[in-house]
Amino acid sequence: MAVIEQNQAKGIISSINGPVIKGRNMVSFKMREMVTVGEKSLIGEVIVLEGDIGTIQVYEETEGLKVGEVILPTGRPLSLNLGPGMLKNMFDGIQRPLAKIQEVSPIFIPEGIGLLSIDEAQLWEATITAKPGDILLAGAVFGLVKETEVIQNRLMVPPNLSGTVVSVVPDGSYTIKDMLVKLRDEKNDIHELKMAHQWPVRTPRPTAYRQETLVPLITGQRIIDIFFPIAKGGTAAIPGGFGTGKTMTQHQLAKWSDADIIVYIGCGERGNEMTEVIEDFPKLIDPRSGKSIMERTVLIANTSNMPVAAREASIYTGVTIAEYYRDMGYAVAMMADSTSRWAEALREISGRLEEMPAEEGYPAYLPSRIAEFYERAGSVQTLGGDEGSITIIGAVSPAGGDFSEPVTENTKRFVNVFLALDKNLAYARHYPAINWLESYSGYIKILSDWYEDHVAPDCIELRNKMIELLYQENKLLEMVMLVGEDVLPDDQRWVLEIARIIKVGYLQQNAYNKEDTYVPLAKQYAMLKAIEYFYEKGRAGLKLGIPTSQLKNQEIISAFIKMKYTIPNDDLSGLDELKNQIDSYYDALFKRYQD
Amino acid sequence: MKKEYLKIDKVVGPLIQVSDVDSVFYGEVVNIVEIATGNIKKGKVIKIEEQHVVIQVFQNTSGLAAGNSIINFTGESFNLPMSLDLLGRIFNGIGQPIDNGSEIFSAIEANINGRPINPMSREYPRNFIQTGISSIDTLATLIRGQKLPIFSGNGLPHNELAAQIVRQAQLGDDVDEPFGVVFAAIGVKHDDEKFFRKSFGESNVMDRVVMFVNYADDPIAERITTPRCALTAAEYLAFEKNMHILVVMTDITSYCEALREISSAREEVPSRKGYPGYMYSDLAALYERAGMLKNQKGSITFLPILTMPNDDITHPIPDLTGYITEGQLVLGRDLFQRSIYPPVSVLPSLSRLMKDGIGEGFTREDHAEVANQLFASYSKVQEVRDLSQIIGEDDLSQTDKKYMAFGRAFEAEFLNQGADESRTIVDSLDLGWKLLAMLPLTELDRLSPENIEKYFPKESQVE
């Protein structure tokens, strides 16, 4: 923390209203400056300045504060300490490690614990790659630290600095506070580079330029990877009423996405869900690295009962950490669960400021805040010359499950993938309860080349054909509701049969089954291809005049329904056997009809 | 440090404003003494603006006038004395005894607002609680440390159901583990409170129950503190005294309405249906106090009851609740009209913690599959019923007719049970298999061959 000078102006608390307080004598304070409030030194941020009156949102419980207590400036905006030690850790909304808070207070989170951040005492093995005389531009890498088993932390020159290396320390063990490199800038000022540097959370970290997103984020979830793919560097929203499985879906993405780094933000959600993550993640093995998925994960937790102002900040804290790892050249995926709670925090603060509300009490600047947030995603060329990306996947909790409410509506405008969760599917325990008719992905076109090159030339074509079948089914079901299934012509009944296989055998995916929780793309494709094969076989039969009742072979259908469990992810030969089974059954059947 | 003031500037509903006050703190407790009678009312500082202080009064504000009362700032937060003597006692919404017993004296005092539990300190709840009710145990399993609300409607038997759960729930792993019930009545009818008191008496748990009661005709500001007092007592008993505590709270709807009334008196910007924008955070501050802690034996299992206005599950109260709690038990009016008790509408009901608390080692290996299959099949029943409405039951296909029969049997035998009937989980699961056997095997796509082999009732296997 910055040292506060004695003669610096102090603010005096003049009014208190929940997490929002006002102070007098605050002329010298800056907008968005971080301050400490009262005798307990609660942490807050200046959000309005008007004459010498300043309004502050406080990130901790304000009960016990008195009018007349002092407000002290820190001289800098709300910032994070970015350095090694964030992975495998869980922080609150303003980057205070919950494990350290636990040392101070074993059960409950007290107020007034001050500004903690990443561990300053831990020693890291640093390799210094820069040499005296080197010219280092902003974002250049000057050293390496092995942060976890799988992630190399690349020590970077902060984005606002560049210069010539004057001296370096030898390789060895250092803390984040130790000076590693001395840098002389253009003005001949000497700067000390350490492992960690500060960055304000509300300012996006600069990059060289944005580039196109051409690679999908592979999640191992069939409905996402094949039907509604998310690009690396893209944005997605998962809206759904309670009980539809938002958190479940977010957890699956955090567990299995093929990103290098996962930043998971529990924003205004349940405490037990974060506990579940801490208990579960260390036990899960990343299929790519062979190590625990926790090795690449940063957790931010502001549960629903933690102070609301810190909830507003938690989203920015998360995305700033994501940008820090992106700048090292990593593909980062960030899950925010739930962005609606963040929007509600904005609304709550706005209400306390007595601002004029727009829709449903939300402030008029809600859309622009949502846009600013999602625009921090992207695939970029970093200042250091690497390629990095941030994919943002935000859960949305629409009030009453109604997608026309302001947060869902405005989110929809700024994301490219929309994975609509459906209450009726959830009621029937069809999980993931992603509605295939309402969802969309704006990345299909951009990613089609990738799918054709890496999965199969007809992959996208196959996907379109299968979605088309599901659309047909939807129309047919409306008819069935009126007249019953028996009256439909045979070809339409066959469509219903195949659609059922797609829904139950393909789109339903069991997160609790070892084989099914993560499925490699090759199997995802092969499964769908097999269903198509079956569909075409049936159509050939229909042409011969064989009724659907004859075409329906329960044994084969049930093999399709269970193929996600019975066919191992690493051995797809079972699908060929299934094809042979189809051939032998139908060839015999066809023969009977041809004769 | 005591400070006394004489002049009240303004009285609006449950709020009073006092001026020229200094050095009071946010959240400070205030005593308002009526000079003529000596009556004391309690209040709390909820806003400070320069020298003006807004106080929320927990009792009725009628009779208060500019000069007739002394405002006494106590210099303390809202604390309650905590001790094991709480058990068996009845308090009002601000923690004062109303059972003619003595005051609670204890050196231990706790702030009723509590503090957020550090997620690192939580233990993820995994232990199954058998309530003896088939629909709950099998399909929306209650887990120790869970917060599982009952979404009900006016006139539905939510009180009976809650009382039956209290009576039948086996909270601890064995009989030696101490358990208790904390009951909070928020804005309830006198009849309802009597019903609970009687039912606690009948099940011989009265000496293990702590009751906090705010009647429908009690002041609304007290409704804000009632659940907080109750949860503070629950936290003390669970986390200091290692007891398994079941908190039953009724009616959250009255609580939210009190919140709205006070918010409107404070002239705050409303959000949906006039409820304040912070209602989510406020409710979370209550619900999130349930749970279990690492290395601690005690637990708080939380069963809040709320009546959905107009049976509308999208109303802000059930909606925000559902986003915070770990599932919900929804009662259905149609089932109730058809005399099915308990009328648990299973499709929208859900227990989020169920997945980790059932199966081998907890209940039985086939539990998840049976539950899944019952959900899927019963959901199909709804579709078939819609169809039969149009084309008539006679014209349904053979399979669909079987679904109709399954649906009727499921409601009559599985959902329906006596108010004193306690079924073991094994009985409930076997009953589930028996009913599923009414459907063709090909329709049962959620069951694995191994479990079908082991549990499918052999005699009824006719294809």
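I began with the burial of B:Gln59, which at a relative accessible area of 18% is buried (under 20% relative accessible area is buried, over 50% exposed and in between partly exposed, with a 1.4 Å probe and protein chains only). This is a predicted model, in which local features need pLDDT of at least 70 and side-chain atom pairs count only at pLDDT 80 or more, while totals for chains, interfaces and linings use all residues. Residues are numbered from 1 along each chain as its sequence is written, chains are lettered from A and ligands numbered from 1 in the order in which they are written, and side-chain values use heavy atoms, with hydrogens and water left out.

I then placed B:Gln59 in the loop between strand S6 (52–57) and strand S7 (69–73) of chain B; helices (H or I, at least four residues) and strands (E, at least two) are DSSP runs numbered from the N terminus. Leaving aside residues up to four places away in sequence, I found that B:Gln59 touches B:Ile40, B:Lys41, B:Lys42, B:Ile94, B:Gln96 and B:Pro219, where contact means heavy atoms within 4.5 Å.

Next I turned to a helix pair in chain A. The axes of helix H15 (residues 554–566) and helix H16 (residues 573–594) of chain A come within 11 Å and cross at roughly 165°; axes are lines fitted to C-alpha atoms, for helices over the stretch in contact, and angles run from 0 to 180 degrees between N-to-C directions.

Last, I looked at the backbone. Most residues other than glycine have a negative phi, and most peptide bonds are trans. The bond from A:Asp337 to A:Ser338 is cis, with omega near 10°, and A:Ser338 lies in the loop between strand S22 (331–337) and H6 of chain A. A cis peptide bond also joins B:Thr250 and B:Asp251, with omega about 5°. B:Glu267 has a positive phi, near 60°, and is exposed at 70% relative accessibility.
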